[in-house]
Amino acid sequence: MVSQEFTEKADAVQKLTKRPSDDELLDLYGLYKQATVGDNDTAEPSAFNFKAKYKWKSWDKLKGTSQEEAEQQYIKFADELLAKYQ
């Protein structure tokens, strides 16, 4: 179960006026999935589905990170993005 702070940061990031870089968005996605779902146990997407493959890799590299740790990392990273792109 994620915290209220996590939910608020996730909502705030969705409302940024400037778009973060693709790498930043992928990092944010990976942390979000790790915090909300846990370790990635899904099959790796096809090499031809670039977007899905990058998202999958971003999440998969966090394997072994606890959901609580991923949540804290997400909140910290979201704060950095909010300061940079608000």
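Which helix holds D79? Select D79 and see: its place is in helix α4.

**Before you click**

This is a predicted model, in which local features need pLDDT of at least 70, side-chain atom pairs count only at pLDDT 80 or more, and totals for chains, interfaces and linings use all residues. Residues are numbered from 1 along each chain as its sequence is written, and side-chain values use heavy atoms, with hydrogens and water left out.

**Stop 1: the whole chain**

Show the cartoon. The protein has four helices and zero strands, in the order α-α-α-α from the N terminus. The radius of gyration is 13 Å, close to the 12 Å that the globule rule gives for 86 residues, so the protein is as compact as a globular protein of that length. That radius is taken over C-alpha atoms, and the globule rule is 2.2 Å times the number of residues to the power 0.38. Helices here are DSSP runs (H or I, at least four residues), strands are E runs of at least two, and both are numbered from the N terminus.

Buried residues make up 35% of the 86. Buried means under 20% relative accessible area, exposed over 50%, and partly exposed in between (1.4 Å probe, protein chains only). Among contacts (heavy atoms within 4.5 Å) between residues at least 6 apart in sequence, 76% join residues at least 24 apart.

**Stop 2: helix α4**

Select residues 67-85, which are α4. The helix has 19 residues and reaches 26 Å from its first C-alpha to its last, close to the 27 Å expected at 1.5 Å a residue. The expected span is 1.5 Å times one less than the number of residues. Colour the buried set: A70, E71, Y74, I75, F77, A78, L81, L82 and Y85. Their cover includes α1 and α2.

Go back to D79. It is partly exposed, with a relative accessible area of 33%. Draw a C-alpha distance from D79 to D22: 17 Å, across 57 residues of sequence.

Next, pick Q72, also in α4. Q72 counts as partly exposed, at 46% relative accessibility.

**Stop 3: helix α2**

Select residues 22-36. This is α2, with 15 residues and a reach of 21 Å from first C-alpha to last, close to the 21 Å expected. E24, L26, L28, G30, L31, Q34 and A35 are buried here. Show α1 (4-14), α3 (50-60) and α4: they are among what covers these residues. Step just past the end of α2 to G38, where phi is positive, about 105°.

**Stop 4: the largest pocket**

Which residues lie nearest the centre of the largest pocket? Select L25, L26, L28, Y29 and K55. The lining has 19 residues: eleven nonpolar, one polar and seven charged. Ala, Val, Leu, Ile, Met, Phe, Trp, Tyr, Cys and Pro count as nonpolar, Asp, Glu, Lys and Arg as charged, and the others, Gly among them, as polar.

Colour the lining by helix. α2 gives the largest share, seven residues, while α1, α2 and α3 each supply at least two. The volume is about 520 Å³, the space filled by probe spheres set on grid points joined across faces, edges and corners. On a 1 Å grid over the protein atoms alone, a pocket is an open set of points where a 1.4 Å probe fits, with protein on both sides within 12 Å along at least five of seven lines; lining residues have an atom within 4 Å of a point.
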